[in-house]
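Q: Please take a close look at the charged side chains in this model. I would like to know how they pair, where they sit, and what else stands out around them.

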Amino acid sequence: MQLQVLNSPFNQEQAELLNRLLPSLTESQKVWLSGFLAATQAQAQSGSQAAAALETLEAPVSQFNAVNGGRTVTKEVTILFGSQSGNAKGLADKARKTLEGQDFKVTLSSMSDFKPNNLKKVDNLLIIVSTHGEGDPPDNAISFHEFLNGKRAPKLEGLNYSVLALGDSSYEFFCQTGKEFDQRLEELGGVRLYPRFDCDVDYDEPAAEWLDGVLNSLNEAQGGNAAPAFSAQVNQAVKSEYSRTNPFRAEVLENLNLNGRGSNKETRHLELSLEGSGLTFEPGDTLGIYPENDQELVNLLIEELKLNPEENVTVNKQGEIRSLKEALTSYFELTVLTKPLLEKALEITNNEKLRELLSSGDVKEYLNGRDLLDLVRDFGPWNVSAQEFVSILRKLPARLYSIASSYAANPEEVHLTIGAVRYEAHGRERKGVCSILCAERLEPGDTLPIYIQKNDNFKLPQNPETPIIMVGPGTGVAPFRSFMQEREEIGAEGKSWMFFGDQHFVTDFLYQTEWQKWLKDGVLTKMDVAFSRDTEEKVYVQHRMLENSKELFQWLEEGAAFYICGDEKNMAHDVHQTLIEIIEKEGAMSREKAEEYLANMQQQKRYQRDVY
């Protein structure tokens with residue numbers, strides 16, 4: 001509400017002062033102000049006395065508006081997040097709660113839901129964004145990223161901002177999206193409230209440090225005190241609940257191989273108990289598992305380093321102590337090499353051969369398919385202590401899997417579909433850390449440390465009558481099993497169409513009897529399958545889509561939501577391109593218009609991907 005000067009006892013300057021103050025007041029401050037004004041009215045002050053009283057309000061106003069380098073810093077903050085798997089969204093939500101606890105007025109929004117033209121109205125902007133694939137923005141950040149880097153992006157001289165970038169240092173373009181946002185906001189005239197932080201997979205501590213820094217910058221500009229540590233607030237919040245930082249040990253109820261005899265694949269169906277955890281989830285959410293490294297790899301590594309497996313080492317900044325063997329088994333990552341790791345290894349070994357590799361253009365090639373044991377063998381002898389060695393390692397991250405069951409249909413349980421990863425590289429057999437733990441060493445009755453990761457970017461339509469089209473070959477079938485269980489449970493009446501593919505019909509048709517039952521009962525309207533090794537010419541899900549292009553486009557025109565789950569680099573890319581081709585052909589439109597059609601679907605949350 002704006003105070004109008006017309007027919008008002010206040011002059012223009014006084015009205016502007018009030019209009020600046022009122023929107024930023026908390027409820028308790030508004031109560032105090034109303035009491036103050038009532039008291040002044042009771043004293044029947046003259047106009048000049050009222051003006052003098054208004055001047056006393058300049059002190060409270062200055063608490064909400066301060067100058068930072070000649071620029072106004074207000075108590076209003078906008079937080080925009082770009083998130084693929086949910087980590088950035090989770091951090092954004094925690095940042096919102098922390099800022100609101102400091103009496104900031106916070107606007108929190110996904111980048112896909114934020115109107116870019118509103119940027120000019122923002123004073124303080126926090127960007128929390130992950131990087132997906134090979135340096136790409138997450139799906140819900142694509143349109144905002146394109147706008148900001150396009151010709152229509154506005155000048156932002158009135159903007160204070162800071163960026164928290166999430167990434168994985170095993171990828172070449174580590175935190176690339178965050179870096180691009182940070183650079184572009186500066187180019188448009190924005191000024192950093194606090195420097196950008198680039199976080200690896202173990203992001204909790206740097207994210208906490210970043211938000212503490214942002215809060216200190218905001219509070220200093222306000223003339224106030226620094227905020228209490230964000231990390232302390234987070235720890236208090238999670239003590240009474242199971243979460244990423246406080247996982248629940250879930251008992252294994254079932255562990256079955258879904259593939260038939262003679263298959264080239266091994267796909268585990270895992271059922272875990274959530275009893276006593278208080279954890280719930282929705283279709284489309286993911287489950288994080290903290291795995292343990294293969295004991296054979298741990299023993300070989302310790303033997304190669306000539307270290308004592310029982311020697312104690314400190315594993316984190318909190319001073320937690322474990323034996324070297326235990327630390328390498330359950331705390332540190334051993335199977336993924338990164339360039340930062342090689343650089344740290346050079347610092348403690350001063351190995352000339354390693355120095356040459358890092359200065360050459362061959363680092364990316366060397367990292368591919370190799371692990372920590374290769375590094376130790378290729379650039380030894382190391383002659384380092386156990387503590388020096390673990391100091392260069394990064395924490396073993398959780399592995400995320402799409403949930404393959406509905407909580408409504410299977411209360412107190414969660415099901416997963418996990419493909420066992422085995423391959424040979426550089427003369428050694430390699431194994432996936434978590435998938436082989438599940439395939440070879442996990443029995444019913446054992447427990448796994450787990451947590452639920454919400455994924456708001458992959459959800460069933462709110463209206464159960466909305467048609468859905470699902471494309472999920474291989475283990476990409478997992479969330480669609482969850483979708484169908486949920487729709488069966490709630491009696492959803494909307495049409496549904498599944499595209500599934502794998503190598504062989506006889507051995508690799510995952511959950512075949514369930515799909516056939518859903519078809520028979522009418523829970524699933526239509527299903528098309530593609531088994532690439534059963535015919536001379538390889539047939540994939542995108543080929544089945546093309547064969548049904550006219551009907552598929554008709555479903556889209558009827559408002560159907562389209563979902564993809566599975567491999568990003570090949571399958572998801574091919575399905576995406578095929579979908580554009582179908583829209584272009586059946587909609588009789590140009591390629592540009594077809595891409596715009598799909599972009600609009602994405603904006604409406606009718607095109608969603610869960611890809612990895």
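A: A salt bridge here is a side-chain nitrogen of Lys or Arg within 4 Å of a carboxyl oxygen of Asp or Glu. The model is predicted. By that cut-off, the structure holds 44 salt bridges.

Start with Arg-196 and Asp-182. They form a salt bridge, with the closest N and O atoms 3.0 Å apart. Arg-196 lies in the loop between strand S7 (191-192) and strand S8 (197-199), while Asp-182 belongs to helix H7, so the bridge ties together parts 14 residues apart in sequence. Arg-196 is partly exposed, at 27% relative accessible area. Asp-182 is buried, at 4%.

Next comes Glu-266 with Arg-422. Their closest N and O atoms are 2.9 Å apart, and the two form a salt bridge. This pair links distant parts of the chain, 156 residues apart. Glu-266 sits in the loop between strand S9 (248-257) and strand S10 (267-273). Arg-422 is in strand S16 (residues 422-425). Glu-266 counts as buried, at 18% relative accessibility. Arg-422 is partly exposed, with 36%. Elsewhere, bridges with shared partners join Asp-168, Asp-200, Glu-333, Arg-394 and Arg-399 into one network.

A further salt bridge joins the side chains of Glu-172 and Lys-364, at 2.9 Å from N to O. It also links distant parts of the chain: the partners are 192 residues apart. Glu-172 is in the loop between strand S6 (160-166) and helix H7 (176-187), and Lys-364 is in helix H14 (residues 363-367). Lys-364 counts as exposed, at 55% relative accessibility.

Glu-251, Glu-275, Glu-412, Glu-443 and Asp-446 form a negative surface patch. Residues in such a patch have over 30% relative accessible area and no salt bridge. Glu-443 is found in the loop between helix H17 (433-441) and strand S18 (447-453). Glu-412 is in the loop between strand S14 (399-402) and strand S15 (413-419).

Glu-412 has a backbone feature too. Its phi is near 70°, a positive value in a residue other than glycine. Most residues other than glycine have a negative phi, and most peptide bonds are trans. Ala-588 also has a positive phi, near 50°. Ala-588 lies in the loop between helix H23 (568-586) and helix H24 (591-603), and is exposed at 71% relative accessibility. A cis peptide bond joins Gly-380 and Pro-381, with omega about -5°. Pro-381 is in the loop between helix H15 (372-378) and helix H16 (386-390).

Last, the cysteines. The structure holds zero disulfides. Cys-175 is in none; the nearest cysteine sulfur, in Cys-199, is 6.6 Å away. Cys-175 is buried, at 1% relative accessibility. A disulfide needs the two sulfur atoms within 2.5 Å. The sulfur of Cys-438 is 4.3 Å from that of Cys-434, its closest cysteine sulfur, so the two are too far apart for a bond. Cys-438 is buried, with a relative accessible area of 0%.

Terms used
Residues are numbered from 1 along each chain as its sequence is written. This is a predicted model: local features need pLDDT of at least 70, side-chain atom pairs count only at pLDDT 80 or more; totals for chains, interfaces and linings use all residues. Side-chain values use heavy atoms; hydrogens and water are left out. Buried means under 20% relative accessible area, exposed over 50%, partly exposed in between (1.4 Å probe, protein chains only). Patches are made of residues with over 30% relative accessible area and no salt bridge: like charges are joined within 9 Å, nonpolar side chains (Val, Leu, Ile, Met, Phe, Trp, Tyr) within 5 Å. Accessible areas come from the Shrake-Rupley method with a 1.4 Å probe; for residues, only the protein chains shown count as cover. Lys and Arg count as positive and Asp and Glu as negative; His and the chain ends are not counted. The place of a charge is taken as NZ of Lys, CZ of Arg, CG of Asp or CD of Glu. Helices (H or I, at least four residues) and strands (E, at least two) are DSSP runs, numbered from the N terminus.
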